[in-house]
Amino acid sequence: MRECLTFRIGGEEFGIDILQVQEIRGYETPTRIAGAPSFIKGVLNLRGVIVPVVDLRTKFGEAANCEPVTVTIILSIAGRTVGAVVDSVSDVIELTLDQIRPAPEFNSSIDANHIVGIGVIAQSEGERMLILLDIGKLMSSFDMGLIPAIH
């Protein structure tokens, strides 16, 4: 059994381990850091802790429009606090092992090391599919460099 927080970026739905979620906040504009990559939005002061904020929409090649449902997911990964901006949060779901399919294999031009599988949930109107992310691996990837590499 695996509990996941689900969220949307563009037309896709993703899931991350709920144990890495510290809180969900309405979007507030972070303080920009000069010279940071475009997907690093800046930093927030979260009760005295300076938190780097990544726009996962930009990271995944989607438009980064701020709507009333845009949120920042505050994550706790390897002892570090990081914010992730997404279009919206859907819900918390439980996935059994038989609902998780292996991640598809991609050619070497696509870095998909952070995709751990596809969650498939049967619904009355068909199947709901979630891209399951290892958010720790994503945040520690070479281009992100926000936390030390997780092995």
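This is a predicted model: local features need pLDDT of at least 70, side-chain atom pairs count only at pLDDT 80 or more; totals for chains, interfaces and linings use all residues.
Leaving aside neighbours within four places in sequence, I16 is in contact with E3, C4, L5, F7, V21, L75, L133 and I135. Keep those residues displayed, as several of the names come back at the next stop.

**The nonpolar cores**

Now widen the selection to the largest nonpolar core, which has 27 residues. To see where the core comes from, colour by element: β1 (2-9), β2, β6 (71-77), β7 (80-86), β10, β11 and α2 (135-139) each supply at least two residues. Among the contributors, β6 gives the most, with 4 residues. Another core, of 6 residues, lies apart from this one; select I93, L95, I121 and L132 to find part of it. As background, nonpolar side chains in soluble globular proteins tend to be buried together.

**The open sheet**

Switch to a cartoon view and pick out the strands. Six of them form an open sheet with mixed pairing, and you can trace them in the order β8-β1-β2-β11-β10-β9. At the edges are β8 (88-95) and β9 (100-101), each pairing on one side only. Next, zoom in on β10 (residues 115-123) and β11 (residues 126-133). These two strands run antiparallel and are joined by 8 bridges. For one example, select G117 and look across to its bridge partner in β11, L132. You have met L132 already, as a member of the core of 6 residues.

**A glutamate inside**

Select E13, which sits in strand β2 (residues 12-17). Is E13 buried or exposed? Its relative accessible area is 9%, under the 20% cut-off, so E13 counts as buried. Show side chains here and you will find a polar contact of 2.6 Å between E13 and R128. Beyond residues up to four places away in sequence, E13 touches T6, F7, R8, S90, R128, M129, L130 and I131.

**Cysteines**

Select C4 and C66 next. C4 is buried, at 1% relative accessibility, whereas C66 is partly exposed, at 46%. How many disulfides does a search of the whole structure find? The count is 0.

Move to E28, in the loop between β3 (21-26) and β4 (40-46). E28 is partly exposed, with a relative accessible area of 34%. Its side chain makes a polar contact of 2.7 Å with that of R25. Then draw a C-alpha to C-alpha distance from E28 to T70: the two residues are 42 apart in sequence and 9.3 Å apart in space.

**Two positive phi values**

Finish with a pair of backbone angles. Most residues other than glycine have a negative phi. Select R47, in the loop between β4 and β5 (49-55), where phi is positive, near 50°. R47 is exposed, with a relative accessible area of 62%. Then go to A78, in the loop between β6 and β7. A78 is not a glycine, yet its phi is positive too, at about 50°. A78 counts as exposed because its relative accessible area is 58%, over the 50% cut-off.

Key:
Residues are numbered from 1 along each chain as its sequence is written. Side-chain values use heavy atoms; hydrogens and water are left out. Two strands pair if DSSP finds at least two bridges between them. Buried means under 20% relative accessible area, exposed over 50%, partly exposed in between (1.4 Å probe, protein chains only). A polar contact is a pair of N or O atoms within 3.5 Å; within protein, one must be able to donate a hydrogen and the other to accept it, and residues adjacent in sequence count only if both atoms are side-chain atoms. Contact means heavy atoms within 4.5 Å. A nonpolar core is a set of buried Ala, Val, Leu, Ile, Met, Phe, Trp, Tyr and Cys residues joined through side-chain atoms within 4.5 Å. A disulfide is a pair of cysteine sulfur atoms within 2.5 Å.
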